[in-house]
Amino acid sequence: MLLKSNTKYFAESPKNISPVSEIEIQASQIIERLEGAVEKAVEAVSALEIGNEKDPNFKESDLGLKGSSWGVDQGYLQAKSKEVPQILNLLEDLLIFENDELDENDAPTVASLAPLSNVGKFTFIIQSVAYFANTLGRSHVNKLNYKIHNETTKWLTNLFRINDSQAFYHDEPLEGLVRLTRMLLHYKYPKFLELGFESLCSTPPVIYSTLSSFGLVQYICRQLGLPLSCVRSLTSSNNIEPLQKLDLNYVQKIINDDKNSNKVILLLFADAGTPITGHMDDLFSLQELCQKEDIWLHVKGHNLAALTLMNALKIGDSLTLALGAWLGIPGLPTVTFYRQIRAKERKSGEATWEGALPRIAGLVPDQLQKCLVALPVWFALQALGRDEIKLRIKESFIACEILWEKLIKYPCLRLLSQKPGGNLIASHFEDTNKSDFIPVTIFEVIASTVVFQFVPPNQDSDYCKTSVVSQYCNKLNSWLGQILQRDVPQINVEICELENAGLVLRICPLEAIIPICGNDIEIFISSLEQHLDILSATVRLKPIFLKCVENNPSLQLVEMDGWAGLGGVRYVPENINDADSDQSKQDLNKLNIEIVNKLRATDAAFSIGEGNNGLVCVRFGMVTADTDVEELLSLVTSIGKNVEESSKYLEKMVEIVKKGIETATVDLRKENEERLWQDGILRQVPVFGSIVNWWSPKAKESGIKGRSLNLQAGVVESTENIYRYHMQLEQGASSPPGTKSPPQPIVQTPIVTDSSSLHSRSSSHSSQLSQKSTENKNTLSNINNQTSKN
């Protein structure tokens, strides 16, 4: 065994178990371990966030969270081997947590691993078995691969009603199209195998593409070494809605022009549901046109899943089936079906080579390629069964139709996807079961995706149908999409961007890993309706918000990119000097941060924002219809004034304390100099000074007295009374009856500041204190002189 039996991660397998079963058990344990680790990580992150709210010193390590492997450089490969559990721990850490640069106390971001059904889990396990099977003998592997491939292809052709076609299974989604195009190159240019690209010079190839397939065709050209000039767009510049059906007259004109230019048309890409909006091309009309012009037609899109629900329909020459998305099994190989190219009429005895084209192009696996690619599909089809596959696809189309019918009722929503039913009388999916239903109209009845966009109610209706919305609307739709993703995780809402519309929200039930049920739709609609009311109220109140800010001289409007709320304001004091200086900007940031902290104590909807100039502001989020914008702004103004006044008072107090310290330092230095002068020089001489002090001791109170700051009077006072009475006496305070008032401090030095208005004293009082201080100093000098004489 690779994994040791004494580890806590894997249980010992029975001795008589087969190697395949052993791989299945261990792979299953790893998947279960990852799922359990994700659940623990989510709970731990939630606990971390709660801990941060309660205790700012709460650290990630307190919960045993990891996520640190991203920042660890392992360097060169170590000399000795690592234990398998240690390697799995490292892999688990990298899979579960995203690579975010966070502070120490911030919660890490847990990666959103897709939930798996039981069939999906076993499909992943089967992929491990497929790699193990490649270690068998070559003859055994080839026979096994042949059986698996043929059985899977037979089941799929029967399930999707595809006749006279071969299948190619590939892990890379576009690999099938690359090899299919290579096959058509060999077919259209018989000497391509011998001459290479020299055979293309006189008659260059052309690939027709719709707007949604343009990037795909460019990828094919890069893989095959073809110039990008081979790509030809079929989208007419006169088409108002380019993501919808192709203009067949325009396509016919392009075909005639290319043939007259001696170009060879390889293939044409058509959409059975565009990737985002799900619009359908007129497949059957395109098919007739391609058959007449001898052009290979390739069809792709989610609506091809409807082939499982109808009788046999001949559509295109090749198809791409995204089975993994339709069956809810991530990682399932993609299948490309292609018809057999019929041999052309040749002279008797001349060999035909058309049958070898798929092998030349790599569409038929050879012994050097990876085998058993179809094994996961083979397993999934059997595990689900035909009835369950059909039911899942049918319920997805019905869920899409229900969503459309509910969303169309909201006038503030603009729907951009294909309407279920189209212009047909049979506008419901259930009508496809009727006996008089025409099978060829199935693609006009169904819809695979629902794409919608919030548009403010006051927008013009014609404008909303064809034009790109404003950047502010994009912000609103981004906010709505993020809120729905958070509140209704059971329905996958994607935020996409369309060139002709802006940001849109997309729901595709076919791509859901867990099928969408009716209860999920009701929860989604309830949440959507609640947040649509918030969006409408925010849009309606925003002009009032802007007007109120404009009329308030203390508030400044702040432009914030990407913010969907009401906006941001910055409180600016009226008497600010030189607002562009660094010190002023720093003061403004401190002031507005303090305002936000005060506001968040009353309402958590306020937050700290930052404008394009880097200055802090008060950020207003989404609001409800009953919000009083004027009251909110007045609250900001009143709190701003209070914070401003508190800041001014603190600044003045800081200035007083600073000046008081300077004054006390000067007083103490002068007093020390006077003490040295009064004591005489002889007392400072070593040894001899001790004799002088013994002969003529110093007075008991001749030492330097400390200083205290009287903030109310703005005076630095000596501290003899504090030590004498063991308490600080307030100047001017009345003494109790029958008691003697304490004497005034010997030293009282007024503080001279620019903010003298703070103190309740006058200039005459300061001069009196100064005069008293001088008299006290002279008296003290006389006393010391008399003592020296004695």
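Mentor: At 11% relative accessibility, Ile-483 counts as buried (buried means under 20% relative accessible area, exposed over 50%, and partly exposed in between, with a 1.4 Å probe and protein chains only). This is a predicted model, in which local features need pLDDT of at least 70 and side-chain atom pairs count only at pLDDT 80 or more, while totals for chains, interfaces and linings use all residues. Residues are numbered from 1 along each chain as its sequence is written, and side-chain values use heavy atoms, with hydrogens and water left out.

Ile-483 belongs to helix H16, residues 471–487 (helices, H or I of at least four residues, and strands, E of at least two, are DSSP runs numbered from the N terminus). In the loop between H16 and strand S10 (494–498) one finds Ile-491, which is buried, with a relative accessible area of 1%. Between the C-alpha atoms of Ile-491 and Pro-509, 18 residues apart in sequence, the distance is 8.1 Å. Neighbours within four places in sequence aside, Ile-491 is in contact with Ile-507, Ile-516, Asp-520, Ile-521 and Phe-524 (contact means heavy atoms within 4.5 Å).

The wider packing comes next. The largest nonpolar core has 64 residues, and Leu-156, Phe-160, Tyr-208, Leu-268, Leu-321 and Leu-323 touch the most other members (such a core is a set of buried Ala, Val, Leu, Ile, Met, Phe, Trp, Tyr and Cys residues joined through side-chain atoms within 4.5 Å). Helix H12 (residues 375–384) gives the most to this core, namely 5 residues. At least three residues of the core come from each of domain 2 (168–342 + 356–370) and domain 3 (394–535), the bounds being those of an automatic or database domain assignment. For Phe-160, again leaving aside neighbours within four places in sequence, the contacts are Leu-304, Ala-305, Leu-307, Thr-308, Leu-321, Leu-323 and Trp-326. Apart from this core lies another, of 34 residues, including Tyr-410, Leu-415, Phe-454 and Val-493. In soluble globular proteins, nonpolar side chains tend to be buried together.

H12 also packs on helix H3 (residues 118–133), at an angle of about 150 degrees and with the axes 9 Å apart (axes are lines fitted to C-alpha atoms over the stretch in contact, and angles run from 0 to 180 degrees between N-to-C directions). From H3, the contact involves Val-119, Phe-122, Thr-123, Ile-126, Gln-127 and Ala-130; from H12, Leu-375, Pro-376, Phe-379, Ala-380, Ala-383 and Leu-384.

Arg-161 is partly exposed, with a relative accessible area of 23%, and its phi is near 60 degrees, a positive value in a residue other than glycine. Asp-294 likewise has a positive phi of about 60 degrees without being a glycine; Asp-294 is in the loop between helix H9 (283–293) and strand S5 (296–300). Most residues other than glycine have a negative phi.

As for the setting, the protein chain holds 22 helices and 18 strands, and 44% of its 790 residues are buried. Of the contacts between residues at least 6 apart in sequence, 69% join residues at least 24 apart.
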